[in-house]
Amino acid sequence: MMKYLQKLGKSLMLPVACLPAAGILMGIGYWISPSVMSGVGDPNVFAFFLVKAGGAIIDNMAILFAIGVALGMADDRDGTSALAGIVSWLMTQLLLSPAVVSVLTGAEANAAFGKINNQFIGIISGLIGATCYNRFKNTKLPDALGFFSGKRSVAIVAALVTIVVDLILFFIWPIVYTGLVSFGEWILSTGPIGVGIYAFFNRLLIPVGLHHALNSVFWFDVANIADIARFWGTNPDLPGTLGVTGQYMVGFFPVMMFGLPAAALAMYHTSKPQKKKLAYGLLISAAFCAFFTGVTEPLEFSFMFLAPGLYVVHALLTGVSAAVCAVLPVRAGFNFSAGFVDWFLSFKAPMALNPWLIIPIGLVFAVLYYLLFRVIIVKFNLKTPGREDDDDIEAEKKITISNANFAAVAAGILEGLGGKDNITSVDNCITRLRLEIKNYELVNDKKIKAAGAAGVMRPSKTSVQVIIGTQVQFVADEFKKLL
């Protein structure tokens with residue numbers, strides 16, 4: 001089950017990767033004309049065009065989720081699965097629309113059916129598409145129906161399955177929706193404390209990839225919170241409230257731009273003298289990635305499993321940052337992640353409030369992260385990067401990721417995984433190689449790290465995840481060539 005959920009989390013990264021495009025377009029639009037969506041006066045046409053272009057992505061994330069999940073969960077990422085996911089999505093949007101539900105019940109539709117266009121339903125549609133593809137892509141029908149054999153049968157089956165699922169949702173969606181709204185309202189009612197609780201669990205769920213499910217409640221329109229859409233003001237049906245909107249995003253900026261880079265500095269300073277060069281190569285790139293883009297996995301995975309207690313401290317500090325920022329008159333938002341790029345582009349967003357305060361707040365958290373990480377690492381002798389008990393230092397230095405040696409990195413990782421005969425499948429997400437293996441005992445973590453990997457995760461006895469960083473695609477391409 002956990003393996004299935006992790007694969008789902010990876011699948012969600014495909015549609016999430018579309019968000020930077022929306023952020024850039026809307027950010028530039030608001031920089032040109034901060035009041036472009038205010039409805040006051042004639043808007044700057046070019047700025048209006050850019051904001052609306054970005055809004056086309058944000059407002060249709062549910063459809064992108066249906067496509068991304070259908071592709072990501074399919075056995076071989078065939079486009080037929082995405083088509084089946086869209087078929088399922090379109091049917092659900094009509095069958096569970098307020099107009100159809102009203103006819104079926106003879107009364108006014110429950111308010112829940114007015115929110116059927118959301119990411120949660122998109123995920124369900126994608127799962128239907130992928131499941132039907134995996135199960136029926138090789139179906140053989142009698143000659144008279146031969147045209148519909150194989151992949152052509154997938155969309156038909158998906159349509160039939162969707163009807164059954166929609167009948168179930170007809171009864172349970174109001175209950176599920178009410179529960180999600182109640183959860184969101186409870187978090188809202190707890191004020192900054194609730195924001196901090198959310199941010200804490202956001203970080204804590206990253207190792208199993210389930211943070212996306214939690215994010216959908218607060219960032220998107222699953223429970224009528226829709227922090228991202230309200231912050232950027234692209235949807236008139238989701239107006240924001242200045243000083244409130246953005247509270248579920250702003251607290252991540254001090255951590256990702258300042259806290260984690262400071263933690264990387266602490267890990268570098270506490271590394272063994274003979275391993276500082278190796279630690280520097282890993283930590284500097286991961287720290288810059290966190291600061292500039294908000295992609296923190298390369299850095300977090302560098303100590304997540306080496307020092308899990310330290311990772312809990314990181315999650316707690318993230319919660320504190322979120323709670324503090326929720327109290328203060330500061331709001332900033334993102335479309336992708338809380339890095340410098342999104343912070344800078346959000347300055348002119350409708351719900352932005354003193355985003356410059358992120359700098360002094362971030363500097364305070366940088367000091368907290370550095371001191372706590374340094375003291376805890378030394379006091380408990382944690383095996384963070386550069387402090388591992390490994391005598392084979394020269395082996396670690398042989399391969400490091402650079403612009404020219406992705407093939408060597410891939411070869412080293414493959415050797416550490418027990419060779420190509422031990423690999424049954426390979427895939428990658430935004431920062432990780434995800435592999436299925438035959439013999440768990442042949443995997444050598446030290447060899448994999450010596451090849452330049454930031455870390456190794458073993459979700460089960462048949463799966464291994466190798467943490468590479470944002471250059472993972474290049475390593476994955478070379479890895480597949482070796483197979």
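1. In strand S4, Ser463 is the bridge partner of Ser460. Strands here, like helices, are DSSP runs numbered from the N terminus, with at least two residues (E) for a strand and at least four (H or I) for a helix. Strand S3 (residues 455-460) pairs with S4 in the antiparallel sense over 4 bridges, where pairing requires that DSSP find at least two bridges between the strands. A hairpin of 2 residues joins S3 to S4.

2. The model is predicted: local features need pLDDT of at least 70, side-chain atom pairs count only at pLDDT 80 or more, and totals for chains, interfaces and linings use all residues. Residues are numbered from 1 along each chain as its sequence is written, and side-chain values use heavy atoms, with hydrogens and water left out.

3. S4 also pairs with strand S2 (residues 432-437), in the antiparallel sense and over 5 bridges. Within this pairing, Ile467 of S4 has Arg432 opposite.

4. How many residues of strand S4 are buried? The count is 5 of the 5 (residues 463-467), so the strand is largely enclosed by the rest of the structure. Buried denotes under 20% relative accessible area, exposed over 50%, and partly exposed in between, using a 1.4 Å probe and protein chains only. Both faces of S4 are covered, with Ser463, Gln465 and Ile467 buried on one side and Val464 and Val466 on the other.

5. The whole structure contains 27 aromatic pairs. A pair joins rings of Phe, Tyr or Trp (its six-membered ring) whose centres lie within 6.5 Å; planes under 30 degrees apart count as stacked, over 60 as edge-to-face, and the rest as tilted. Trp31 and Phe344 are stacked, at 5.1 Å centre to centre and 20° between the planes. Because Trp31 belongs to helix H2 (residues 19-32) and Phe344 to helix H17 (residues 340-345), the pair ties together parts 313 residues apart in sequence. Trp31 is partly exposed at 33% relative accessible area, and Phe344 is partly exposed at 40%.

6. Phe406 and Phe474 form a stacked aromatic pair, with 5.2 Å centre to centre and 20° between the planes. Phe406 lies in helix H20 (residues 406-416) and Phe474 in helix H22 (residues 472-482), so this pair links parts that are 68 residues apart in sequence. Phe406 is buried at 12% relative accessible area, whereas Phe474 is partly exposed at 47%.

7. Ring pairs also link residues into a cluster, among them Trp31, Phe258, Phe288, Trp343 and Phe344.
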